[in-house]
Each structure stands twice: as C-alpha cells, then as structure tokens.
Amino acid sequence: MEKTGVKVKETNGYIVFKWFNTIIMLIVCAVTLYPFLYLVAQSFSSEEAITLGKVNLLPIGFNVETYKSVLVKGEFMHAYKNTLVYSVLGTILSLVFSCCMAYPLSKKELKGYKVLTKFVIFTMYFGGGLIPNYVLMMKLHLINRIAGFIIPSLLSTYYIILMKSFFAETPHELEEAGELDGLSPIGIFIRIVLPLSMPIIATMVLFNAVGYWNNWYNAFLYLDKKEMWPVAYYLKTVISGASTSADPGEATAEKMQIAANIKSCSMVLMALPIICIYPFISKYYVEGMMLGGVKE
Amino acid sequence: MKKIATIAVAIACAAVLLTACSGKKTAKGGAASAEAVGYTFGEEKTFHSDNPVTYSISFSDASWYAMQDTWKTEGVFKDIEDVTNVHLDITSYDSGDYGQKVNLAINSGSATYIIPKIYSEDQYVAGGGVVAVSDYTQYMPNFTAFVNKYNMGPDLDTIRQSDGKFYRLPGMHQAALQDYTIMVREDIFEAAGYKIRELEKDWTWESLHDVLVGVKKYMVSQGMCKESDYIWSDLWCGESGKGQGGNLLKLMGASYNVLSGWAIEGSNGGIKYDWKKKEFYSSSISDDFKKLVTVANSFVKDGLLDPETFTQADDVAHNKFYSGKTVIMSTNRSQMANDIAGVQKILGDSAKCYVTAYPSGTNKNLAETSRLECGVMISQKALDELGQADFIKLVRFVDWMFYSKEAYSLCKWGPEGKTWEWSTAANGAKVKKLKPGFKCGGLGLPGADTDVDIRLKWGYAGGNYFYGHSTEESTDAFTPEVQDLYARYGKYKTVATVDPKAKPTEDQREQLNLWAVPLIDNINAWTLKFVTGQKDINKDWDEYISSCKNLNVDKIVALTNEIYKKQ
C-alpha cells in the first residue's frame with residue numbers, strides 16, 4: 001500500500017507549546033552553561049580584570065599564561081597523571097570483578113542464589129561505617145597505596161545488579177549450545193556471554209571511568225601523601241582548603257590569595273577530558289540506565 | 001537445655017559488654033620520681049637525646065605554603081634534629097581536612113605521638129585516644145615556669161574536663177592578642193571630613209554608622225558610587241562565617257556582651273557568666289542581643305553594609321575593597337599588609353588604608369579574652385608504645401619544642417645568623433630583623449620578589465609549631481604599624497575577664513550538645529534575619545524568644561548552673 005504522505009497539521013496550541021518549550025529549554029541551557037562559561041572566561045583573563053570584577057562571559061585581558069603556569073606546575077600535572085592511572089586501572093579491575101560477581105548471580109540455578117543475592121543487596125543499605133572501614137584499610141596496609149584508592153570503590157552493588165539483569169537476558173539456548181560443544185562455564189562466559197554483552201560493558205566502562213575520575217573521597221580518607229593525590233582531591237584542597245580549616249579566620253588570614261584565574265584554570269582542565277568524551281558516549285549513558293530493566 | 005543455653009549466652013553477652021565498657025585506660029605515672037637517663041633537658045636548656053630517637057608528629061599542611069622537601073633537608077625539621085637529635089616522622093594532612101583526618105587517626109588508633117594544631121579536644125577525651133597531659137606537666141619545666149610566671153592557672157582551668165584534668169597542652173599568651181579589626185580608606189574618610197585617627201579614640205558602632213552615612217554621601221556627590229551601592233562589603237562572614245555571621249558579629253557582639261558570630265561556637269547557645277549575679281545566662285536571648293542586632297541592622301537598613309556579606313565568598317569582599325568600590329573592611333594582623341598592598345597595586349599610592357582599633361558598644365572590650373590558643377595533644381598510643389620512662393622523655397621534648405624560648409625562636413625565625421640578626425630599632429631597643437635577601441609571609445614581613453621567603457623555602461614561621469609565649473616574643477615580628485595598632489588597643493580598648501567554665505561529665509556534655517546544636521542553628525538563623533532585615537527586631541522578637549525556649553535554652557542554662565555549682 002502506498003504511503004499517502006499526509007502531513008498532520010499542527011494545532012495552534014501545539015505550536016505555542018513548542019515555542020514556549022523551546023524558550024524554557026533555552027533559558028535552562030543558558031542558566032546551566034553560564035557558570036561554566038564564566039569559569040572558562042576567568043581562566044583566560046588577567047588577575048587584575050578578575051579582581052576588578054570586569055570578567056563576565058568573555059575573557060578580559062586574554063592570556064594563556066595561567067594555563068602555561070598550571071600545566072608546568074609539577075603538582076597539578078602529577079595529580080592529573082595519578083587520576084589517569086587510577087581511572088584506567090580502576091575501571092578495568094572494576095569491570096572484571098563486577099562481571100565475575102554478576103554472571104553467577106544471573107543464574108537462578110546457582111546454589112545459595114537467594115542468600116547470595118540478599119547478601120549483595122544488604123550492602124546497598126548497610127555499611128561498616130567510616131572508622132571500621134578505615135581500620136580495615138589500615139590493617140591491610142592499604143593506606144597510601146594505589147590499591148587503597150581503587151579497592152573501596154571497586155564493586156558497586158547497583159552496577160552489579162544492572163549487569164546481573166543484563167546477563168540474565170542472554171538467550172539460554174546459546175549457552176546450552178556452548179555447553180554441548182564442550183565449553184566450561186568460564187568458557188561459555190568468556191566466549192559467548194561477554195561478546196554479546198558489549199552494551200552493558202561499554203556502559204560500565206563509562207560509569208566507572210567517570211566515577212574514578214571524579215572521586216576525591218577515597219583520596220581524602222586513604223591517601224595522605226600529596227604525590228598520590230588525584231586531581232579531584234588536589235583541586236578540592238586548592239579551592240576549599242582555607243575556608244574549611246579549623247580556625248577559618250586564621251586560615252584565610254595567612255593565605256596568600258590563590259588567584260581566581262588559577263582556580264578556574266585548574267577546574268577547566270579537570271573537567272575537559274570528560275567534556276570532550278561525553279558527546280560521543282552520551283547515548284550509552286542514557287541507554288545504560290535502562291539496560292538492566294526487565295524486558296520479558 | 002534451651003533454658004541453660006539461653007542463660008549461658010546472656011552471661012557471655014554481659015561479660016563482653018562489661019569488658020567493652022571498662023572505660024579508658026587510666027594514665028599511668030604522675031610520680032615525679034623518673035630520672036632522666038640518656039638525654040638533657042631543663043628550663044631554658046636545650047633538650048638533647050644522647051641516642052637518635054624518632055617521634056611521629058602530625059602536620060597541618062596549608063596549601064598556600066605547602067611543605068617542601070627542603071624543610072626536611074635544610075629547614076626547620078633539620079634544625080630541630082640537629083639541635084635535639086630527635087627525628088620527626090611527619091604525617092602531613094591538608095589543612096582543610098586536618099581536623100577530620102586527626103579525628104579519624106585517633107579513633108582508629110593510628111594517631112601520631114604528637115598532635116599539634118588542636119583547637120578543641122573535647123571530642124577525644126571520652127574515647128581514651130589521648131593522654132591526660134595534666135598528669136605529666138610536672139615533667140615540663142618550661143611549661144610550668146610559664147604558668148607560674150604569668151599566672152596561667154585560671155586560664156588552664158577553663159580547659160579542664162570533669163575529671164579535673166586537661167588533655168591539651170595549650171599555646172599560652174602572656175596577654176590576649178586581638179588579631180581582627182576594621183580597616184578603612186583613610187584618604188576617602190578625610191576627604192569626606194572625618195579624621196579617623198581622632199574618631200577611633202572613643203567611637204562606637206553607632207557613631208561609625210553616622211560617619212559612614214556621611215562618607216557615602218560624599219562618595220555619591222563625587223560620583224564614586226551610586227546611592228544604591230553599598231560602601232561596606234565584608235569578609236569572614238559568609239563562606240568562612242559558617243552561617244553564624246563570622247568575624248563581624250563576633251567583634252560587634254563582644255562590644256555588647258554577646259557571644260555572636262564565630263564566638264557562638266562551643267558556647268552552648270551563647271552562654272555567658274554574669275559576674276554580678278554569679279550565674280550563667282544565655283546572652284543570645286538577652287536585651288544586649290537585641291541591642292546588638294539593632295545596631296548591626298542599622299548598617300544594612302541604611303544602605304551601608306551589603307547584606308551579601310553574610311553569604312559571599314571572602315574574595316568578593318577583597319575584590320571590592322581593592323578596586324575601591326568599598327571603603328571599609330575587616331582585616332587582621334597577618335592579612336593587613338596584603339590588603340594595603342592589594343589596594344595600592346590597583347588604585348595607586350594615593351589610596352591610604354588605616355587599620356583602626358575598632359569601635360566599642362556598651363563596653364570597650366576586645367573580642368579576644370582568652371590567653372590560650374590552639375595546642376598539642378599526645379596520643380595514648382605514645383604512652384602504650386614507649387612505656388613510662390620514654391614517654392616522659394617525649395613529654396620533655398614536647399616541653400622544649402613548644403614552650404622553650406630557644407625552640408620558639410628557631411621555629412619562628414630560623415637559626416640566628418642564617419635568616420635573621422639582631423638590629424637596633426629607632427627607640428634603641430634590640431629587635432630581630434630578617435637578613436637582606438629574605439622575607440616572610442608568615443610574619444607579615446614583605447620583601448622583593450627575588451627575596452627568599454623563609455616560610456616557603458624552609459618552613460619557619462608556619463602555624464604548626466609556635467604558639468603563644470610572652471608578649472615580647474609574640475610581638476617580635478610586628479612591624480611598626482602593627483605595634484602602633486596594639487598600642488592603640490592598649491589605650492582605647494579593654495580586656496574582659498575570662499568567664500569561668502562549667503565542667504560537664506561525658507553524659508552531661510552529650511545532653512548539652514544535643515540541646516545546643518539545634519538551638520545554635522536557630523540563633524544563627526534568626527541573627528542573620530534580624531541583621532539583614534528579613535525579620536523585624538521589635539515585631540518578631542517574642543517569636544524569636546519562643547523559638548529559643550522551645551529549643552531548650554532554659555534547660556541548657558539550668559544544667560550549666562547546676563554543673564558549675566557542684567564543682
């Protein structure tokens with residue numbers, strides 16, 4: 001049957017709604033983007049212009065000296081390097097361990113399935129607490145170690161449940177076929193299930209990478225040595241260290257005012273990789289939230 | 001059988017409970033009979049260990065003068081080791097997180113032996129993680145000499161716990177030093193017809209208000225600002241004011257016998273002692289408080305003080321003052337040189353700043369009354385690991401490091417001849433002076449860009465290792481301008497008597513804290529609403545009082561008086 005190509009006429013109400021919706025969304029975009037654009041403008045402006053309050057959306061006294069000095073600054077680049085290492089290592093390990101946890105839990109015929117599942121879900125609601133966790137890490141000699149930063153965030157129950165739900169969707173017939181061909185359960189997992197699970201794997205890579213990139217709390221708890229800090233924690237100390245000191249007046253009094261342009265430059269550099277990558281992977285971010293949903 | 005098993009389990013649980021709740025270890029030792037073997041010590045004698053020894057110590061690392069390797073290889077830590085043969089094993093925490101990290105370390109049993117830069121030790125007492133240092137002060141000749149010489153007994157009583165002991169060795173000042181005050185643009189005030197140097201002799205916050213009205217009128221007439229602009233935007237009241245009104249309300253509050261701003265922290269709802277009635281009361285619901293907020297509100301109401309002062313970041317206030325948009329701002333001893341330089345860098349040398357002895361209220365009291373400041377704790381871990389004799393050795397090292405003149409000078413200025421030398425001041429007095437080629441941000445001693453900052457390079461004059469001391473030592477780095485300021489404090493202001501302190505038990509402290517936390521939040525919220533004009537001081541006063549009474553202010557006062565009477 002041929003398509004008639006009839007175009008549905010938009011009602012006046014719908015046109016008004018479309019315009020209204022567009023204007024509202026533009027305002028929301030502007031309000032959301034403004035602080036970031038202001039930050040970028042500050043990072044390219046001179047210190048004097050910032051002090052005089054002249055900087056708004058466009059840089060005043062444009063210069064790249066701040067970027068040069070920050071990028072040359074040993075501490076910042078060292079922290080940047082640390083973040084890359086932690087993110088890559090953490091993501092890979094997180095993925096491996098999460099898969100190893102999620103796949104067996106996707107098999108209802110697993111002995112103790114119900115108990116194990118409840119045990120995993122229990123950890124979503126209850127934890128050991130800050131001090132016991134710190135003592136545990138200390139007794140395991142993981143303070144000031146890379147493992148001390150990575151291990152506490154290695155397994156997320158939420159992500160495991162997402163993966164478990166996805167693995168449960170894998171057609172059983174394929175696994176049976178593999179079994180018939182003589183594959184062991186690990187072989188079935190690696191050679192059949194994992195290749196079919198690229199969407200969830202990609203999503204988990206994204207979630208974990210962003211999580212480790214932005215993580216400062218583990219550094220705050222377990223990394224005392226400045227040379228091990230990730231850039232998120234380094235930035236936190238630069239920006240908020242003075243104002244959260246025990247005696248705030250004493251701290252801000254002693255402080256040589258850390259230039260606003262250095263702070264904004266550091267923030268832009270930290271956010272830049274994620275901003276650059278995100279447009280290409282945003283669809284996975286949205287899809288990933290729905291991947292674990294029940295379909296059958 | 002089931003019954004027997006149940007009883008057995010119950011007995012086992014009770015045994016575990018009793019063991020767990022057996023209370024903290026009692027501090028051993030208090031006898032003065034320990035002999036010094038293997039080290040020298042004494043009042044104004046250098047501590048020196050015959051054999052090298054290592055003590056762990058915490059360090060609050062401020063990012064604006066971050067610890068460098070040179071501090072250990074050729075700076076302050078090397079100097080201490082050379083003199084005493086004590087190697088300091090330093091655990092460094094960022095200054096913003098120092099309190100939390102120390103808390104974590106003490107509670108997890110991994111604290112360093114020596115924990116400096118502690119402002120409040122109350123939270124650590126019950127846990128048994130720190131030693132009752134008052135049991136060991138008899139081994140500390142420098143500490144004891146200072147206490148006796150300057151009659152610090154009543155001041156130390158304010159930090160004793162309910163067991164009569166104190167758990168922090170405080171920095172002790174011979175006299176309280178007022179750090180914070182108000183700075184004005186003298187050139188603009190004079191152009192407007194106000195001689196600030198005369199005014200400050202007997203001015204009040206009310207008279208400052210009238211002066212600022214006149215200054216603003218002048219500025220508007222000269223096109224320096226619009227009628228809708230504010231000429232006062234302050235710092236240390238917003239972000240760093242912690243929602244309490246910060247420094248400004250602390251200064252104003254002291255003038256009206258009210259604990260407000262930063263001063264309300266730890267006060268259980270503004271509790272003060274009435275010396276006439278000999279009882280505690282809440283200054284936050286008194287008529288003095290009403291007077292305070294009325295005066296503070298008058299600045300906002302009449303378009304002088306920007307209400308955003310109480311929410312903004314400190315940088316905003318600095319930027320406005322440096323760029324000439326405002327003409328009055330808070331400052332302090334460490335910051336004033338930077339503020340003056342900041343203004344002149346942008347506005348030129350004609351922009352003159354004057355650091356005032358800030359106004360008075362119903363009294364002329366300075367906000368600072370305590371002669372104590374942050375201090376040192378010693379962890380229980382040190383006593384457990386070192387044993388009695390070596391622990392006493394550690395205590396004597398701490399005594400030298402924090403209470404001897406030699407260590408004070410070393411940590412503050414560096415070794416004589418390396419960074420400083422004696423000089424003769426204009427009045428003929430012998431003073432310490434940095435050698436050419438050196439400057440120090442920590443002491444407010446500026447220099448050329450090429451000069452070596454002794455704090456940045458070698459760690460001298462940092463905030464961790466020198467506290468208090470005699471007035472002569474505390475002021476030895478003061479520039480003539482700062483010395484003049486303190487001379488004016490002496491002439492125009494007074495120092496209030498320190499309130500006595502009620503010493504609650506652990507349970508009482510917990511109860512007071514449970515009541516005080518929501519009460520203080522309520523007081524702070526209402527204070528800012530009154531000051532910024534969101535609430536009417538007269539119309540809404542009764543509602544405010546009711547809200548405080550509903551939050552147990554009367555119970556706090558009653559319990560505090562009860563505790564104090566039983567002491």
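Figure 1. A residue is termed buried if 20 or more other C-beta atoms, placed from the backbone, lie within 10 Å of its own C-beta atom, exposed if 12 or fewer do, and partly exposed in between. Helices (H or I, at least four residues) and strands (E, at least two) are DSSP runs, numbered from the N terminus. The 13 residues of α5(A) should span 18 Å at 1.5 Å a residue, and the end C-alpha atoms of this helix are 19 Å apart, which agrees; the expected span is 1.5 Å times one less than the number of residues. Helix α5 (residues 113–125) of chain A packs against helix α8 (residues 157–168) of chain A at an angle of about 145 degrees, and their axes are 9 Å apart. Axes are lines fitted to C-alpha atoms, for helices over the stretch in contact, and angles run from 0 to 180 degrees between N-to-C directions. On the α5(A) side, Val120(A), Ile121(A), Thr123(A) and Met124(A) meet Thr157(A), Tyr158(A) and Ile160(A) of α8(A). This contact of α5(A) with α8(A) has five nonpolar, two polar and no charged residues. Ala, Val, Leu, Ile, Met, Phe, Trp, Tyr, Cys and Pro are classed as nonpolar, Asp, Glu, Lys and Arg as charged, and the others, Gly among them, as polar.

The model is predicted: local features need pLDDT of at least 70, side-chain atom pairs count only at pLDDT 80 or more, and totals for chains, interfaces and linings use all residues. Residues are numbered from 1 along each chain as its sequence is written, while chains are lettered from A and ligands numbered from 1 in the order in which they are written.

Figure 2. Chain A has 15 helices and zero strands, and buried residues make up 28% of its 296 residues. Of the contacts in chain A with a separation of 6 or more, 70% are between residues 24 or more positions apart; two residues are in contact if their C-beta atoms, placed from the backbone, lie within 7 Å. The chain is divided into domain 1 (12–51) and domain 2 (65–291), with bounds from an automatic or database domain assignment. Seven residues of domain 1 of chain A are in contact with eight residues of domain 2 of chain A. On the side of domain 1 that touches domain 2, the elements giving two or more residues are α1 (12–43) and α2 (47–51) of chain A. The largest share of that side, four residues, comes from α1(A).

**Figure 3. The three-stranded sheet β10-β7-β11 of chain B.** The strands form an open sheet in the order β10-β7-β11 (chain B), with antiparallel pairing. At its edges stand β10 (328–332) and β11 (353–355) of chain B, each with a single partner strand, so one side of each has no neighbour in the sheet. Neighbouring strands of this sheet are turned by 35 degrees against each other on average, direction ignored. Helix α14 (residues 336–347) of chain B packs on the sheet and touches β7, β10 and β11 of chain B; the direction of α14 makes about 165 degrees with that of β11(B). Strand β7 (residues 180–185) of chain B and β11(B) run antiparallel and are joined by three bridges; strands are taken to pair if DSSP finds at least two bridges between them. Arg185(B) stands opposite Cys353(B) in β11(B).

**Figure 4. Strand β5 of chain B and its partner β12.** Strand β5 (residues 114–118) of chain B is mostly covered, with five of its five residues buried. Three bridges pair β5(B) in the antiparallel sense with strand β12 (residues 372–378) of chain B. Ile115(B) has Met377(B) in β12(B) as its bridge partner.

**Figure 5. Phe530 of chain B and its surroundings.** Phe530(B) is placed in helix α20 (residues 506–532) of chain B. Phe530(B) counts as buried because 23 C-beta neighbours are found inside 10 Å. Not counting residues up to four places away in sequence, Phe530(B) touches Val293(B), Asn297(B), Lys535(B) and Ile537(B).
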